[in-house]
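Please look through the sequence and the structure shown here, and then follow the explanation below from one part of the chain to the next.

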Amino acid sequence: MIVFDLLCGGGHRFEGWFGSAADFSAQKERRQLSCPSCGNAQVERVPSASRVNLGVPEPKAVTKGTPGQGPGAPQRTPDMEGKDPFAIAQMLYSRMLDELLTRSEDVGKQFPAEARKIFYEQAPARPIRGEATDEEHQELLDAGIPVARLPVPPTDKLN
């Protein structure tokens, strides 16, 4: 299952769940997509956003080897052979998402406060994820607290 943020021709933003990117494309071609607010069938994908603070130091630069083939570079696997780049990107994103969800603590709406505590060493350093409004996210960035937004579907919809 893949989640896309969508935008209709009328300017309404909404979310769509699809079996694959190909399913999204096929439904769009057949004009089966429409805005739930106004019914507009002109629907486009737009960037998604979520907030994540892994609480780990920045990675060290790779000084030797082939660019993009350092120790943390994604490895090609047999299931990627013959797939188009978008399908490979989906596989890599899915793997990254699995790692993120299993190796981080969900602090929910306490994310901004917990990120500050970790940054100012008032709480143990650890990978966290959660929710923040656009304003809270900008306040964290303005304070120099390193956070990132990543599209992460709700965990109750992953099963």
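Lys28 has a relative accessible area of 32% in this predicted model, and because that value lies between the limits of 20% for buried and 50% for exposed, Lys28 counts as partly exposed. Its side chain forms a salt bridge with Glu44, in which the closest N and O atoms are 2.9 Å apart. This pair links distant parts of the chain, since Lys28 belongs to helix 1 and Glu44 to strand 3, 16 residues apart. Glu44 is partly exposed as well, at 38% relative accessibility.

The strand that carries Glu44 is part of an open sheet of three strands, which has the order 2-1-3 and antiparallel pairing. Strand 2 (13–18) and strand 3 (43–46) are the edge strands, each pairing on one side only, and neighbouring strands of the sheet are turned by 45° against each other on average, direction ignored. Helix 1 (residues 21–29) packs on this sheet and touches strand 1, strand 2 and strand 3, while its direction makes about 30° with that of strand 1. Strand 1 (residues 2–8) and strand 2 run antiparallel and are joined by six bridges, with Leu7 standing opposite Arg13 of strand 2. Arg13 also meets Asp5 in a salt bridge between side chains (3.2 Å, N to O); Arg13 counts as exposed at 52% relative accessibility, whereas Asp5, at 14%, counts as buried.

Nonpolar side chains tend to be buried together in soluble globular proteins. Here the largest nonpolar core has eleven residues, including Ile2, Phe4, Phe14, Phe24 and Val43. Strand 1, strand 2 and helix 1 each supply at least two residues of this core, and the largest share, four residues, comes from strand 1. Another core, of ten residues, lies apart from it and has Val107, Ala115, Ile128 and Ile145 among its members.

Lys109 counts as exposed at 63% relative accessibility, and Glu131 is partly exposed at 44%.

Finally, the confidence of the prediction deserves attention.

Methods:
Residues numbered from 1 in each chain as written. Predicted model: local features only at pLDDT ≥ 70, side-chain atom pairs only at ≥ 80, totals over all residues. Heavy atoms only, no water. Pairing = 2+ DSSP bridges. Axes fitted to C-alpha atoms, helices over the stretch in contact; angles between N-to-C directions. Contact = heavy atoms within 4.5 Å. Core = buried A, V, L, I, M, F, W, Y, C linked by side-chain atoms within 4.5 Å. Buried < 20%, exposed > 50% of the residue type's maximum accessible area, 1.4 Å probe, protein only. Salt bridge = Lys/Arg side-chain N within 4 Å of Asp/Glu carboxyl O.
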